[in-house]
Amino acid sequence: MQTTCIIGGGPAGVMLGLLLARAGLPVTVLEKHQDFFRDFRGDTIHPSTLELMYELGLLDRLLEIRHTKIDHIAAMVGGEKFEIGDFTHLPTQAKFIALMPQWDLLNFLSAEASRYPSFTLRLGWEATGLIEENEITGVRCNTPDGAQEIRAGLVVGCDGRHAMSREAAHLPLVEEGVPIDVLWFRIPRQPSDPEIGVGYVNYGRLIVLINRIDYFQTAYIIAKGGFDQIKQEGLDKFRANLERIVPFLAGRTAEIDSWDKVKLLSVQINHLARWSRPGLICIGDAAHAMSPVGGIGINIAVQDAVATANLLTEPLRTGTLTPEHLEQVQRYREEAVHNTQRVQIVAHRVLNRVLQNSGPIKPALMLRIATKLPHFQPLAARFVGMGLQPEHIQTKPA
């Protein structure tokens with residue numbers, strides 16, 4: 001039986017750790033922070049991921065955590081509302097997106113994984129390098145007690161878009177040009193505020209309001225590299241633009257009284273040409289950074305983790321894991337991932353045209369036609385809610 005060391009305690013890493021431990025395999029997850037609390041992470045748990053929780057018998061317990069639901073998504077374009085997707089007809093147990101802080105999801109999954117004796121979570125352990133002896137055989141890391149080495153039959157890089165794992169393994173990265181960035185901040189919320197889902201588009205900006213019950217976690221889409229210009233124009237203008245695009249926020253934007261409360265997220269789309277080397281595989285953002293378009297990053301990462309567990313559990317159990325098994329994961333997952341990224345790239349082109357026009361937007365005729373087509377909303381809901389290749393749990397508990 002081969003051990004697994006997972007670098008990174010994000011959705012892909014913790015989900016994979018849970019599935020391997022559930023199958024009775026020894027697995028250690030390394031998370032460089034002392035906890036999972038990071039405010040600037042995705043919050044959307046889509047129906048495909050909720051379905052996996054149902055298959056694991058965890059859905060009811062997960063939904064006991066404080067959350068909100070979206071079963072329809074719409075966009076306000078130039079003050080007009082357009083219905084984009086309806087999740088209520090999806091072939092899933094949970095026909096909605098659950099809005100839940102990512103740290104709550106990770107705490108839940110890691111607690112479930114810890115029920116299994118073969119699962120180990122090391123918080124505050126930062127992977128700094130790979131151990132290589134003809135192939136990857138382990139991880140070097142800094143810990144609260146000093147430098148340590150962990151030997152493993154398989155190392156899995158789940159350490160995000162700035163992954164040490166792929167850099168140390170010299171895996172070639174292919175970057176796609178991205179014309180947008182995101183500003184991330186909080187605005188107070190009132191119970192009577194509407195739920196839109198996709199966002200508010202006008203005056204050369206897109207604003208998405210994520211309902212965290214007491215406040216909106218707000219994503220403000222800007223042109224790539226445009227944050228310095230926005231700061232030069234001053235907070236007063238920034239707040240005024242927010243209220244012009246989303247009028248019901250009038251009077252609340254005073255909460256943003258310092259640029260320190262506005263975080264810049266540099267958007268990337270990229271993918272590894274090769275996800276693996278003998279002894280190592282990268283999945284999730286480490287293998288393919290996704291755009292925030294559609295809010296599908298968590299769900300793609302979780303789908304990667306499920307596919308990886310489905311394909312590698314038996315070779316790990318029997319000690320027969322080969323480089324071919326690792327390459328099989330990439331072959332199985334990359335077409336769906338690349339096609340999803342292509343959709344996001346098309347969406348970026350549309351957004352780029354929006355961002356270049358700072359005046360009042362006029363909804364495009366194509367948008368009016370598309371949203372009236374009978375199959376548009378179900379297809380949009382299926383793409384966002386289920387993805388192009390939803391996975392299912394195939395591994396069995398030990």
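1. Glu314 is partly exposed, with a relative accessible area of 44%, where buried means under 20% relative accessible area, exposed over 50% and partly exposed in between, computed with a 1.4 Å probe and protein chains only. This is a predicted model, in which local features need pLDDT of at least 70 and side-chain atom pairs count only at pLDDT 80 or more, while totals for chains, interfaces and linings use all residues. Residues are numbered from 1 along each chain as its sequence is written, and side-chain values use heavy atoms, with hydrogens and water left out.

2. Glu314 forms a salt bridge with Arg317, the closest N and O atoms being 3.3 Å apart; a salt bridge is here a side-chain nitrogen of Lys or Arg within 4 Å of a carboxyl oxygen of Asp or Glu. Because Arg317 and Glu314 are 3 residues apart in helix 8, they are separated by about one helical turn. Helices (H or I, at least four residues) and strands (E, at least two) are DSSP runs, numbered from the N terminus. Arg317 counts as partly exposed, at 31% relative accessibility.

3. The structure holds 20 salt bridges. One of them joins Arg277 to Glu132, with 2.3 Å between the closest N and O atoms. This pair links distant parts of the chain, since Arg277 belongs to strand 20 (residues 276-277) and Glu132 to strand 9 (residues 126-133), 145 residues apart. Arg277 counts as buried at 16% relative accessibility, whereas Glu132 is partly exposed at 43%.

4. Arg161 forms a salt bridge with Asp285, and the closest N and O atoms are 3.4 Å apart. This pair, too, links distant parts of the chain: Arg161 sits in the loop between strand 12 (154-157) and helix 5 (164-168), and Asp285 in the loop between strand 21 (280-282) and helix 8 (297-318), 124 residues apart. Both partners count as partly exposed, Arg161 at 21% relative accessibility and Asp285 at 25%.

5. Strand 9 is joined to strand 10 (residues 135-143) by 7 bridges, the two running antiparallel, and the bridge partner of Glu133 in strand 10 is Glu135.

6. Ile6 lies in strand 1 (residues 4-7) and counts as buried, at 0% relative accessibility. Leaving aside its neighbours within four places in sequence, Ile6 is in contact (heavy atoms within 4.5 Å) with residues including Leu16, Val27, Val29, Leu30, Val156 and Cys158.

7. Leu365, Ile369 and Leu373 make a nonpolar surface patch of about 300 Å². Patches are made of residues with over 30% relative accessible area and no salt bridge, like charges being joined within 9 Å and nonpolar side chains (Val, Leu, Ile, Met, Phe, Trp, Tyr) within 5 Å; accessible areas come from the Shrake-Rupley method with a 1.4 Å probe, and for residues only the protein chains shown count as cover. Leu373 lies in the loop between helix 10 (365-370) and helix 11 (376-386), and counts as partly exposed at 48% relative accessibility.

Notes
Two strands pair if DSSP finds at least two bridges between them.
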